Amino acid sequence: MLRVAVAEDEQSYREQTERYLNRYAETHAQPLEVVFFSSGVELIQSEDRGFDIMLLDIKMPDMDGMKVAELIRRYDEQVVIMFITQMAQFAIDGYSVGALDFLVKPVQYDTFALKFDRAVERAKNRIGGAITLNLPGGMRRLNTRDIFYVEIQNHMLHYHTRSGEYVLRGTMQSTELELAPYHFARCNHWYLVNLAHVSEVDRDVATVAGSKLEISRRNKASFLAALTSYVGGNT
């Protein structure tokens with residue numbers, strides 16, 4: 001289930017958005033938990049966070065949607081933001097806060113569904129998936145978001161993660177196949193990198209969660225293409 005926050009001060013548009021979201025959830029078999037806020041301040045002051053998608057009206061009386069998005073980005077870099085506006089030009093600044101797209105009022109359902117579909121896809125990608133590591137002393141469940149990169153040494157896989165390093169026997173080929181849906185790419189023969197954690201590429205070196213990993217000549221073109229595609233789809 002995806003959690004959706006809607007900040008809209010006009011009741012008629014809140015009701016319309018609710019109908020659209022209910023229709024989308026039914027026709028796309030996508031469970032949604034939707035929470036409505038009548039103002040930007042109400043959303044910011046709410047203790048209910050942990051949303052996957054936010055639909056923000058740009059023009060609200062107490063705090064406009066752009067300011068709301070700026071404040072949200074201080075504590076949540078991952079939530080997918082879409083703006084709702086009566087003037088398309090106001091949404092251009094949305095890219096500065098990493099907004100995915102904007103909807104122009106009056107919003108037609110077909111347009112809403114098409115753009116919301118992109119938001120759902122991105123949210124699912126950012127949520128990641130769970131994998132199981134069969135370790136010598138037992139098992140460990142990991143969310144793919146928490147994996148920085150996987151390294152292979154002497155037929156042993158080293159998973160470098162937020163919670164530490166895990167070592168188990170395996171092949172890079174099978175690991176690459178398992179992690180393929182979650183935006184991982186090889187920068188060389190020994191490293192499979194989570195593109196979400198690449199902060200810098202300087203010539204033949206990628207910085208991944210603070211670690212400097214060499215980019216091989218053989219893998220450079222495919223790695224940079226994968227990284228460019230990932231960044232382009234998440235800005």
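Helix α1 (residues 11–27) contributes four residues, the largest share, to the lining of the largest cavity in this predicted model, helices (H or I, at least four residues) and strands (E, at least two) being DSSP runs numbered from the N terminus. Residues are numbered from 1 along each chain as its sequence is written, and side-chain values use heavy atoms, with hydrogens and water left out. Because the model is predicted, local features need pLDDT of at least 70 and side-chain atom pairs count only at pLDDT 80 or more, whereas totals for chains, interfaces and linings use all residues.

The cavity search was made on a 1 Å grid over the protein atoms alone, where a cavity is a set of points at which a 1.4 Å probe fits but cannot get out, a pocket is an open set with protein on both sides within 12 Å along at least five of seven lines, and lining residues have an atom within 4 Å of a point. Grid points are joined across faces, edges and corners, and a volume is the space filled by probe spheres set on the points. In the whole structure, one cavity of 30 Å³ or more is found, and the largest cavity has a volume of about 70 Å³. Its lining is formed by E8, Y13, Q16, T17, Y20, L55, I84, L103, K105, V107 and F112. By class, this lining comprises seven nonpolar, two polar and two charged residues, where Ala, Val, Leu, Ile, Met, Phe, Trp, Tyr, Cys and Pro count as nonpolar, Asp, Glu, Lys and Arg as charged, and the others, Gly among them, as polar.

The largest pocket has a volume of about 640 Å³; 23 residues line this pocket, and those closest to its centre are E77, Q78, R126, A196 and Y230. At least two lining residues are supplied by each of α4 (109–127), β13 (198–202) and α6 (217–233), and the lining of the largest pocket divides into six nonpolar, 11 polar and six charged residues.

Overall, the chain has six helices and 15 strands, and its C-alpha atoms fill a box of roughly 65 × 40 × 30 Å along the principal axes. Of its 235 residues, 48% count as buried, buried meaning under 20% relative accessible area, exposed over 50% and partly exposed in between (1.4 Å probe, protein chains only). Contacts, defined by heavy atoms within 4.5 Å, were also examined by sequence separation: among those in the chain with a separation of 6 or more, 52% are between residues 24 or more positions apart.

Helix α4 has 19 residues and reaches 26 Å from its first C-alpha to its last, close to the 27 Å expected at 1.5 Å a residue, the expected span being 1.5 Å times one less than the number of residues. The buried residues of α4 include F112 and R126; F112 also lines the largest cavity, while R126 is among the residues closest to the centre of the largest pocket. The helix is followed by G128, whose phi is positive, near 80°.

Helix α3 (residues 65–72) is largely enclosed by the rest of the structure, because six of its eight residues are buried, namely G65, M66, V68, A69, L71 and I72. These buried residues pack against α2 (40–45), β3 (53–57) and β4 (80–85). At the start of α3, a side-chain oxygen of D64 comes to within 2.9 Å of the backbone nitrogen of M66.

Two further buried positions were examined. C187, in strand β11 (residues 184–188), has a relative accessible area of 0% and, beyond residues up to four places away in sequence, touches V193, L213, E214, I215, S216, N219 and F223. T175, in helix α5 (residues 172–179), counts as buried at 3% relative accessibility, and its contacts, leaving aside neighbours within four places in sequence, are V150, L157, Y159 and L192.

Most residues other than glycine have a negative phi, and most peptide bonds are trans.

Definitions and conventions:
Polar contact = N/O pair within 3.5 Å; in protein donor to acceptor, adjacent residues only side chain to side chain.
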